[in-house]
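Biologist: Could you walk me through this model, starting with the charged pairs and then moving on to wherever they lead us?
Modeller: Gladly; let me bring it up first.

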Amino acid sequence: VRGPRFRKLKIGAGHRLDVKASGVFVLGIGHGNKLLTDLYNCHLTKVYIVGGLFGKATDDFSDTGNLVEKTTFDHITREKLERILAVIQGTNQKALLMYSNIDMKTQEAYELAVKGLIRPMAKSPPIITAVRCLQFALPEFQLEIHCLHETQQYLRKMVHEIGLELKSSAVCTQVRRIRDGVFTVDDALPRTQWDLQSIQEAIRNCQLKVETELEETLG
Amino acid sequence: RGFGVAAGPPNTRQLREAEEAAPVFQYAGKAARRKDRVFVWGFSYSGALGVPSFVKPDAGWKKPRRIQPTPYRLETEEKISSAACGYGFTLLASNTRDITKVWGMGLNKDSQLGFQRSRRDQTKGYEYVLEPSPIPLPLEKPQQTRVLQVSCGRAHSLVLTDSEGVFTMGNNSYGQCGRKVVEDEIYSGSHLIHQLKEFDSEVVQVVCGQDHSLFRTKKGTVYACGWGADGQTGLGHYNITSVPTKLHGDIAGVNIIQVSSYGDCCLAVSDEGDVFGWGNSEYLQLASVTETTQVNVPRHLPFKIGKVKEAACGGTGNVVLTEEGDVFVWGYGILGKGPNLIETAVPEMIPPSLFGRSDFSPDISVAHVRCGLSHFAALTNRGELFVWGKNLRGCLGTGRMEDQYFPWRVTVPGEVVDVACGVDHMVSIVRSFT
């Protein structure tokens with residue numbers, strides 16, 4: 001009997017990645033869709049590399065939008081930026097504890113807080129668990145952001161708000177996801193490898209990681 | 001040409017030209033300096049927060065605010081370098097050379113804020129001061145002396161200057177102001193501010209306990225005066241002392257670099273990192289060396305926790321900070337290790353991950369620790385403020401009214417440089433970010 005090997009394929013997508021962003025995008029095939037919902041319920045953090053540019057403010061917070069304002073930026077130093085990032089981390093840490101819906105008065109809340117394992121296991125607004133400045137060369141800068149429940153537009157808005165806090169303005173030039181839960185850039189397939197053999201190999205390599213993570217989190 | 005042509009979407013070259021022609025705004029120049037601010041929060045009806053509109057609203061639609069649950073900015077004329085919170089009142093001091101160096105607000109029933117002349121009746125003084133009001137100090141050289149530090153107790157306050165000794169004001173029924181106790185003295189509306197100069201060397205730190213005062217000199221000796229029934233004066237007896245007297249016991253000959261007290265227990269830290277304590281021990285504060293509940297001679301506390309940098313005493317609990325940046329607590333009450341740890345006689349460490357240290361930021365450590373009557377505060381080297389303890393009338397500043405059993409961040413719009421804890425309110429000195 002002859003014919004195409006696969007007639008129909010059910011493909012589901014993991015966390016959204018919008019048009020202007022790039023990076024790791026998780027897809028599930030066939031039975032993998034069930035694993036996708038389980039991974040979603042694990043609420044694991046995603047890591048992005050966000051590039052920004054000081055001096056401009058646009059209406060959609062990225063460098064391709066309509067210009068709203070231009071400002072000076074020569075007063076900005078790396079220390080000021082790191083101070084702002086520290087305060088962003090602090091407020092988001094508070095949000096992390098608040099949205100996790102654990103009663104703060106119990107001993108188990110204290111133990112989880114010590115280990116750093118408290119995180120919201122239900123729907124919540126975007127929360128940033130860690131930010132770090134990787135490169136700083138006026139007017140450009142690059143940040144590494146670990147976050148939960150976010151959208152790429154939220155990250156661009158955050159770059160804009162960092163610009164406002166530093167009494168200047170900033171636009172986001174690049175959003176690249178380098179980690180989505182357990183999947184990193186090393187597991188991801190670039191465009192040249194979008195063929196059946198590589199896909200099957202990639203699925204096999206990641207199977208073990210996904211299983212251990214699901215067991216640990218969902219019990 | 002020009003009339004019949006439709007506009008159409010602007011092409012890339014036109015966009016780029018429009019962008020380059022746009023005006024550039026400057027919000028902060030290269031020489032922009034960081035501003036110093038004061039934030040207050042807690043119980044406001046005593047006037048201790050210094051915002052009159054919380055107690056007496058100045059607009060019809062405003063309602064009196066009994067508790068300010070989150071940090072609120074207090075406008076001050078000068079840069080404040082030192083602040084202290086007492087039991088219902090606050091003192092702010094600036095190390096300027098101008099004539100007005102100290103401002104006070106809150107309860108003034110015992111003239112702990114000096115004499116504040118009432119505008120309605122020129123002979124009487126205000127009992128509640130709702131706004132930061134200047135305190136007139138009887139200085140010999142008012143345009144040269146600088147105020148280094150202020151401290152407040154239950155009903156008295158101490159002001160330390162660099163060349164004119166220590167000024168004390170307020171209640172003196174137990175000799176805590178360092179002068180002889182006068183029977184039936186009326187403290188309300190009193191103009192008397194006493195000056196203390198007789199110490200073996202310059203005084204570098206003043207600390208107020210509930211009804212006693214401690215003075216630390218440059219040579220490393222400690223003097224005390226005031227109420228002594230719990231042994232908090234450390235002079236070997238349980239009586240009142242009305243003249244500052246030198247302490248001996250285990251601290252004789254030791255160079256003390258910091259003293260602390262707020263209730264009836266006192267702690268001192270030496271330059272070698274040892275901790276000495278005396279005073280009330282009903283809450284196991286000194287139970288590691290003795291079973292008695294009142295210790296009237298300074299005793300060395302043999303803790304094996306490393307070299308101690310700073311200590312702070314609260315009403316029932318104590319906290320120390322070591323050179324490595326670790327925080328140890330002991331005593332009674334909400335100590336900061338969850339609801340299960342209510343009392344301990346031996347110091348227990350609070351895990352540094354609660355202060356933000358993680359694999360991502362391993363160099364975060366605690367820089368200062370402070371104590372109120374039943375709550376604690378810690379400042380990290382990044383300028384973040386963590387509080388825990390009993391949330392009496394919103395004094396923690398977290399925005400919630402519940403007690404906090406482990407260190408919790410207080411969001412202050414700036415880098416916190418110093419914090420002062422009172423019974424039911426707190427004051428912080430903050431520098432803005434940019």
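Biologist: Is B:Glu310 buried or exposed?
Modeller: In this predicted model, B:Glu310 is buried, because its relative accessible area is 11%, and the cut-off for calling a residue buried is under 20%.

Biologist: And which residue does B:Glu310 form a salt bridge with?
Modeller: The partner of B:Glu310 is B:Arg370, and the closest N and O atoms of the two are 3.4 Å apart. B:Arg370 sits in strand 24 of chain B (residues 366-371) and B:Glu310 in strand 20 (residues 308-313), so this pair ties together parts that are 60 residues apart in sequence. B:Arg370 itself counts as partly exposed, because its relative accessibility is 22%.

Biologist: What about B:Arg34, which residue does that one form a salt bridge with?
Modeller: B:Arg34 forms a salt bridge with B:Glu415, with 2.7 Å between the closest N and O atoms. B:Arg34 lies in the loop between strand 1 (24-25) and strand 2 (36-43) of chain B, while B:Glu415 belongs to strand 28 (residues 415-421), so here the parts tied together are 381 residues apart in sequence.

Biologist: OK, over to the two chains together. How many salt bridges are there between chain A and chain B?
Modeller: The count between chain A and chain B is 2, whereas a search of the whole structure, over all chains, finds 26. A:Lys56 also forms a salt bridge with B:Glu19, where the closest N and O atoms are 3.4 Å apart.

Biologist: How many residues are in contact, and what area do the chains bury?
Modeller: On the chain A side 35 residues are in contact with 36 residues of chain B, and between them the two chains bury about 3,400 Å², with 62% of that on carbon and sulfur atoms.

Biologist: Changing topic, what does UniProt list for these chains?
Modeller: For chain A, an unreviewed UniProt entry lists "domain: Pseudouridine synthase II N-terminal" at residues 7-151. In the model that span is 29% helix and 31% strand, and its end C-alpha atoms lie 34 Å apart. For chain B, the feature "domain: RCC1-like", also from an unreviewed entry, is placed at residues 34-315, where the chain is 1% helix and 40% strand and the end C-alpha atoms are 36 Å apart.

Biologist: Now helix 5 of chain A, how many residues has it, and where is the kink?
Modeller: Helix 5 of chain A has 23 residues (196-218) and reaches 31 Å from its first C-alpha to its last, which is close to the 33 Å expected. The kink in helix 5 is about 35 degrees and is centred on A:Cys206.

Biologist: Which residues of helix 5 are buried, and what do they pack against?
Modeller: The buried residues of helix 5 in chain A are A:Ser198, A:Ala202, A:Cys206, A:Val210, A:Glu213 and A:Leu214, and they pack against helix 1 (32-42) and strand 10 (183-184) of chain A. As background, an α-helix has 3.6 residues a turn, so residues three or four places apart point the same way.

Biologist: Last one, which residue does A:Asp180 form a salt bridge with?
Modeller: A:Asp180 forms a salt bridge with A:Arg177, the closest N and O atoms being 3.8 Å apart. A:Asp180 counts as buried at 6% relative accessibility, and A:Arg177 is buried with a relative accessible area of 0%.

Key
Residues are numbered from 1 along each chain as its sequence is written. Chains are lettered from A and ligands numbered from 1 in the order in which they are written. This is a predicted model: local features need pLDDT of at least 70, side-chain atom pairs count only at pLDDT 80 or more; totals for chains, interfaces and linings use all residues. Side-chain values use heavy atoms; hydrogens and water are left out. UniProt positions are given in the numbering used here, feature names are shortened, and annotations may be inferred rather than shown by experiment. Helices (H or I, at least four residues) and strands (E, at least two) are DSSP runs, numbered from the N terminus. The expected span of a helix is 1.5 Å times one less than its number of residues. The bend at a residue is the angle between axes fitted to the seven residues ending there and the seven starting there. Buried means under 20% relative accessible area, exposed over 50%, partly exposed in between (1.4 Å probe, protein chains only). Contact means heavy atoms within 4.5 Å. A salt bridge is a side-chain nitrogen of Lys or Arg within 4 Å of a carboxyl oxygen of Asp or Glu. Buried area is the accessible area (1.4 Å probe) that two parts lose on being put together, summed over both.
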